[in-house]
Amino acid sequence: MNEQLLKVQVHKRQLQGDGVVVLDLIPVGGTTLPAFEAGAHVDIHIAPDLVRQYSLCSDPADNATYRLGVLKDPASRGGSNGVHEKLLEGTEVQISAPRNLFPLAKGAKRSILIGGGIGITPMIAMAYALQARGEEFELHYCGRSRSRSAFLDELGNAAFAERVFTHFDDEAAGQKLDMDAVLGQAQAGVHVYTCGPSGFMDWVIGEAGTRGYADDHIHREYFQVEVDSSGASFEVVAARSGKTVQVAEGQSIVAALKTVGIKVAMSCEQGACGTCLCDVLEGEPDHRDVFLTDEEKATNEQMLLCCSRAKSAKLVLDI
Ligand code: FES
């Protein structure tokens, strides 16, 4: 992937809640950053071969600063630890231009934003954008406890503060997220957005589905996926070079290809971003990502090489 990277500097760094670092990034050698839409993310090049994606949570109308919130993950494979340890105030770092895989629908009658934990980040940018558009929305922020949650001051002081509702596991029952009240039954033009831990999102998506919301009115962004890399060994043929490699049990296709000198561009390494998407020329993939839709998976025309495996003994890939 040959893309133009942006050089930015950590202008301000704050620790908020329990283990969340909030970074304000400003351009190096300029005063403005490329415009972004609510829901967009950037790739942060934390170190060579360590690229991670984080949602922008600042006001999209602010073209001088990008804000991110990164939770320190105890199971971090380098990403969140790298951000917490390396991105200190004054540090310069390269990032991609913003990309949006989680856009707001156009012309919605009402938008219901439901964020769990650090999944609140894209929702904050969405709330700024919906407020600026003058559209109807509400933002629900769910977390374990108030003291562990970041961004509460910002949300409490925002122009849309009266549209923000918090729901904490350790507070009174009356403030818990009540899906009957929040989602009710689906109505025309009402869209639901969710981001957070996968179990939380599955619950929100399931509730919306059973209440009659159409799938294209339930918008989601997964940021944390447990990758299951178990499964039998299989063969991969890289059609462009004709190289063949055996993918061992527990090994990813990307790792196997690397052993024969084929490098695959990756970002999330969790089947969530689509960076490692590849055309399948032959064979049957065992899809383990959350990026492709069920319909796309059923065609078996493409697969994600960071996490998916094979149901057939051999895959021929357009790489
Ligand atoms: S690197 Fe993100 S889906 Fe594979």
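Reader: How do β2 and β5 run, parallel or antiparallel?
Author: Antiparallel. This is a predicted model, and in it six bridges join β2 (residues 20-27) to β5.

Reader: Which residue in β5 stands opposite Val21?
Author: Val70.

Reader: Is β5 buried or exposed?
Author: Buried. Six of the six residues of β5 (residues 66-71) are buried, so the strand is largely enclosed by the rest of the structure.

Reader: Which residues point which way from β5?
Author: Tyr66, Leu68 and Val70 point one way. Arg67, Gly69 and Leu71 point the other way. All of them are buried, Arg67 included.

Reader: Switching to the core. Which residues touch the most other members of the largest nonpolar core?
Author: Leu113, Met123, Met126, Ala127 and Leu305. That core has 85 residues. Helix α2 (residues 120-133) gives the most to it, with nine residues.

Reader: Why group nonpolar side chains like that?
Author: In soluble globular proteins, nonpolar side chains tend to be buried together.

Reader: What is Met123 in contact with, leaving aside neighbours within four places in sequence?
Author: Leu113, Gly115, Leu139, Tyr193 and Cys195.

Reader: How many residues of α2 are buried?
Author: 11 of its 14, so α2 is largely enclosed by the rest of the structure. The buried residues run from Ile120 to Leu130, and include Thr121 and Pro122.

Reader: What covers them?
Author: The cover includes β4 (50-55), β5, β7 (110-116), β8 (137-143), β10 (190-196) and β11 (218-222).

Reader: What span does α2 reach from first C-alpha to last?
Author: 20 Å, close to the 20 Å expected at 1.5 Å a residue. Just after α2, Gly134 takes a positive phi of about 75°.

Reader: New topic. How is the chain divided into domains?
Author: Domain 1 covers 6-95, domain 2 covers 110-222 and domain 3 covers 234-317. The centres of domain 2 and domain 3, taken over C-alpha atoms, are separated by 34 Å.

Reader: What is the strand order in the open sheet of five strands?
Author: β13-β12-β18-β14-β16, with mixed pairing. β13 (243-247) and β16 (302-304) stand at the edges. Each has a single partner strand, so one side of each is left without a neighbour in the sheet.

Reader: By how much are neighbouring strands of this sheet turned against each other?
Author: 40° on average, direction ignored.

Reader: And how many bridges join β12 to β13?
Author: Five, with β12 (residues 234-238) and β13 running antiparallel. Val237 has Thr244 in β13 as its bridge partner.

Technical notes
Residues numbered from 1 in each chain as written. Predicted model: local features only at pLDDT ≥ 70, side-chain atom pairs only at ≥ 80, totals over all residues. Core = buried A, V, L, I, M, F, W, Y, C linked by C-beta atoms within 7 Å. Buried ≥ 20, exposed ≤ 12 C-beta atoms within 10 Å, placed from the backbone. Helix = DSSP H or I, 4+ residues; strand = E, 2+ residues; numbered from the N terminus. Contact = placed C-beta atoms within 7 Å. Pairing = 2+ DSSP bridges. Domains from an automatic or database assignment. Expected span 1.5 Å × (residues − 1). Axes fitted to C-alpha atoms, helices over the stretch in contact; angles between N-to-C directions.
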